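Hello,

Here is the structure I said I would pass on. My notes on it follow below.

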Amino acid sequence: MKNKIKIGYLIGSSEIGGTEKMILTISKYIDKNIFDFVFFCIKGNGKFTEKLKKENCKLYVLNLKKDPFSFIKLFIYIKKEKIEILQSFLFVANIIGRIYGKILKIKLIISSQRSTDPWRKWYHWVIERITKNLVDIYISNSYAAKDILIKKAKIPRKKIKVIHNGIEIIENIEKLKKDYIAIGTIGNLRKAKGYFNLIKTAKIVIEKFKNVKFYIIGEGELKGEILKRIKEEKVEEFFILTGYVEDVSQYLKIFDIFVLPSLWEGCPVSLLESMSYGIASIATDVGDVSYIIENGKSGFIVEKNDYIKMAEKIIYLIENEEERKKLGEEARERIKKYFSFEEMIKKYASIYLDVEK
């Protein structure tokens, strides 16, 4: 029997966000008769590593920040596993992965670009440029992130492959009834997600409608500041912060409107999920949102930071139920056609199989 292709995933996070959801989807559904996965998580234990353990994945958990010797351990573990393809995710893991991969003469070294990363300082881009020749292929989840790599890191266009995120389409969705309008968003509580703008948006909506509730699904370092801002705006009774939720479907079944107020993104998984549930969605024009939503047909797009326009769109959808349903139906069909997990996995498998050529 032919040996399986062994793939190492080097991951610079321990919690679950869009990137981690896609990693779990790929490793779950890709052909196990051809591929075998080993996970190397370098930021300690968290909900993501716990999920991998539940799935009985082969996993090494290290904490490079707290234990300097983990750098040596990681090198030893990757060498021991005889990895043929090493794919890394997030900046620190990308740099380490390409250096270790080249030293260990791994056949295919892949770096992943998951967002446009406006947080990066000048020295991050210098490091990216210095090490870019150690990478065989960059995989970006968006055209926007690809363009940033070309512009800031001077990476040749032909070296970057774009594979949009894809999700599993749930059939026969039963929406749950309630006596209010549910407006929701999903994402880790961090700066990129634009939650402070959402609070400003909500205040405008609440001035016109009192039968609304705003849901924020996620956990993160900004939780305390978000709660403080909600209290300052005197809208506590209209907000529900759920914390981390492993299965978001229970909330997607009650959302009437989904909002993505992000300041930056790549290919936002939460937007794909909401649209796949037939939810009318409003998103800021960041990352590849304009590729996901056909503005006015399968959702609405507003400019980044324009919390007033977002409020106007929410109010319009509250007042126009038929239009809300129509947008949701179009959104679901668009996700089925262009952002299925089957298509995503097929594209990843095609790249991985190149290692044998």
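The protein exposes about 17000 Å², and carbon and sulfur atoms supply 51% of that area (Shrake-Rupley method, 1.4 Å probe; for residues, only the protein chains shown count as cover). This is a predicted model, in which local features need pLDDT of at least 70 and side-chain atom pairs count only at pLDDT 80 or more, while totals for chains, interfaces and linings use all residues. Residues are numbered from 1 along each chain as its sequence is written, and side-chain values use heavy atoms, leaving out hydrogens and water.

On overall form, the C-alpha trace spans about 60 × 40 × 40 Å along its principal axes. The radius of gyration is 21 Å, which agrees with the value near 21 Å for a compact globule of 357 residues (taken over C-alpha atoms; the rule is 2.2 Å times the number of residues to the power 0.38).

There are 17 aromatic pairs (rings of Phe, Tyr and Trp, the last by its six-membered ring, with centres within 6.5 Å; planes under 30 degrees apart are stacked, over 60 edge-to-face, the rest tilted). The ring centres of Phe-37 and Phe-39 lie 6.3 Å apart with planes at 20°, so this pair is stacked. Phe-37 is buried at 8% relative accessible area, and Phe-39 is buried at 1%.

Regards

Terms used. Buried < 20%, exposed > 50% of the residue type's maximum accessible area, 1.4 Å probe, protein only.
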